[in-house]
Amino acid sequence: MMKLAGNRTLVLGASVVALLVALGISQAVLDRSAAAQSKGAVQAPRFEVDPLWPKPLPNHWILGSTIGVWVDTDDHVWIIHRSSATLGNNEKTLETKQGECCAGAPPVLEFDQDGNLLRHWGGPGQGYEWPDSNHGIFIDHKGNVWIGGNGGPDSHILKFTKDGKFLLQIGKKGARRKASAGAGNQEGQVAGFVGGSNDPMNFGRVAKVVVDPKANEAYVADGYLNKRVAVLDADTGKMKRYWGAYGNKPDDTPLPAYDPANKPAQQFYNPVHCADISVDRFIYVCDRVGDRLQVFTPEGKFVKEGFFGKTTKGSGAVWDIAFSKDPQQKYIFVPDGMNDIVRVIDRQTLQELTSFGDGGRQPGQFYGVHSIATDSKGNIYTTETWEGKRLQRFLYKGLGPVTKPHQGVVWPGSNATK
C-alpha cells in the first residue's frame, strides 16, 4: 500500500513538473508574441507630469491667465501671462491693500531647467504701446522676444531684447477701431472694431508670432479679429505676403457658427491661433474654432489639413502646436483647451495617435490648456488660460507602443521606462 502511494506521489509530482514546464513555455511564447506585437505596433512619445516644476515664485507673485510659452536655445522656458488683469480681488490683496498675499507677477517670466525664475519684466513703457491683452511669446534665433495681443484695440506686435529693452513696434494700436466707436477693449470683442485682413500695415489681434531663421521671416497668426497668416521681414517688420484658409485671399465677412456637419469654411474662423514652421519648411496653422490644422508652403500654397475633436464647439479643439525634437519632427503635440487634453499627432499623415490629460487642477490635469512648447530633450511645457493660470512640465519618457487612444493623467510612474 505504501509502495502504491509512493508511485502515485511520483506520478503526481511528475505531472506538476510537466505542467509547470508547459506553463513556462506558454508564458515565454506569450511574452515573445507580446513583444513582437509591441514592436510592430504604432509608436508614440510618452510623457509624465513633473509635479515639482517650476519652483514657487518670489514676492508673493502668482500667475494670471497664462497664454504663451516658448523654449529658447539655452533650454530656458519663457511664458507670458495677463497678471493682475485676470486675478480676482481676493487673489491680489497686496495690490488692493487688503492683506499680505498676493500680487500678480510681471507679464514676462523666464525659468531655467531647474524651475528657477531668472528674468521678469513687461507692461507699459516708453516708446511702445503694451497690448491691452498680451498673447503669445516667441524667442527668435537672434535672442529677440516677440509678443502679440488680442485685446480690443490690439492691432500691433512688439519686439524686445531678453532683458526687456524695447526694439520694434509693428502696426499701431487701435488701427481696427471703427470711427467714433466706443472703447470696447475686452478680449475678442468685435463691437466697435472691424477686420482688416488685407491691411499691409496693421494687424487684427495677433495670437502668436514665430520667426524662420533661414529666411529671417516672421509668421504671424493674425488672429482674433483678422483671418490670415501674415509674413514679415523680421528685422524691419515690413509685410511681405499673407493668405487665408486654403491659400485664399482673406475675407472678413462674418462666418456662421461652426457646425461640424457643414462643409468646411473657405475662410479661417476666429481665432487663427498659431502658425509655426517645420524642419522641412511647411507652415502649420491652427484654425482653433474650426477644429482643424492646415498646412501650407512658405508662399501660402495649401498642402493638406487635418481635423481633431471635430465635434468640439465653443472655443474649438486646435489651440497651438509644438513639434517633437527628433530630426524629422515625426510628431505634433496639439493642446485642446476645450477638452483639456494634449493630442499626439503623426505629422506626415495628420492622424491622431493618442492623447493625455484630463480636466482639473491637480498636476497633469488641465483647465484651459492653451499653449505648448518642447525643449531640446523632448520635454513638453504647457500653459493654461481662464482659471488654469499655470505652467506645467511633462517629462519625455521615450517612445512606446500605443495601447489606448487616451491615456488620462500621466502621473509619475505611469510611463516609466523599464
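The largest pocket of this predicted model is lined by 31 residues, and W70, V71, F138, K325 and Q329 lie nearest its centre. Here a pocket is an open set of points on a 1 Å grid over the protein atoms alone, where a 1.4 Å probe fits, with protein on both sides within 12 Å along at least five of seven lines; lining residues have an atom within 4 Å of a point. The space in the largest pocket comes to about 710 Å³, a volume being the space filled by probe spheres set on the points.

Sorted by class, the lining has 13 nonpolar, eight polar and 10 charged residues.

Now for the cysteines. Two disulfides (cysteine sulfur atoms within 2.5 Å) turn up in a search of the whole structure.

| Disulfide | S to S distance |
|---|---|
| C101 and C102 | 1.6 Å |
| C274 and C286 | 2.0 Å |

C274 belongs to strand 16 and C286 to strand 17 (residues 283–287), so their bond ties together parts that are 12 residues apart in sequence. This link is right-handed, with 70° about the S-S bond. Both C274 and C286 are buried, where buried means under 20% relative accessible area, exposed over 50%, and partly exposed in between (1.4 Å probe, protein chains only).

Aromatic rings come next. The whole structure holds 21 aromatic pairs, counted when ring centres of Phe, Tyr and Trp (its six-membered ring) lie within 6.5 Å; planes under 30 degrees apart are stacked, over 60 edge-to-face, and the rest tilted. Y258 and Y269 have ring centres 5.8 Å apart and planes at 90°, so they form an edge-to-face pair. Both sit in the loop between strand 15 (239–243) and strand 16, 11 residues apart. Y258 is buried, with 12% relative accessibility, and Y269 is buried with 12% too. Elsewhere, F47, F333, F356, F366, F394 and Y396 make up one aromatic cluster.

Charges can also sit over rings (NZ of Lys or CZ of Arg within 6 Å of the ring centre and within 35 degrees of the ring normal). R288 places its charged end over the ring of W319, 4.0 Å from the centre, and K310 lies over the face of F307 at 4.6 Å.

A note on reading these values: residues are numbered from 1 along each chain as its sequence is written, and side-chain values use heavy atoms, leaving out hydrogens and water. In this predicted model, local features need pLDDT of at least 70 and side-chain atom pairs count only at pLDDT 80 or more, while totals for chains, interfaces and linings use all residues.

Notes
Ala, Val, Leu, Ile, Met, Phe, Trp, Tyr, Cys and Pro count as nonpolar, Asp, Glu, Lys and Arg as charged, and the others, Gly among them, as polar. Helices (H or I, at least four residues) and strands (E, at least two) are DSSP runs, numbered from the N terminus.
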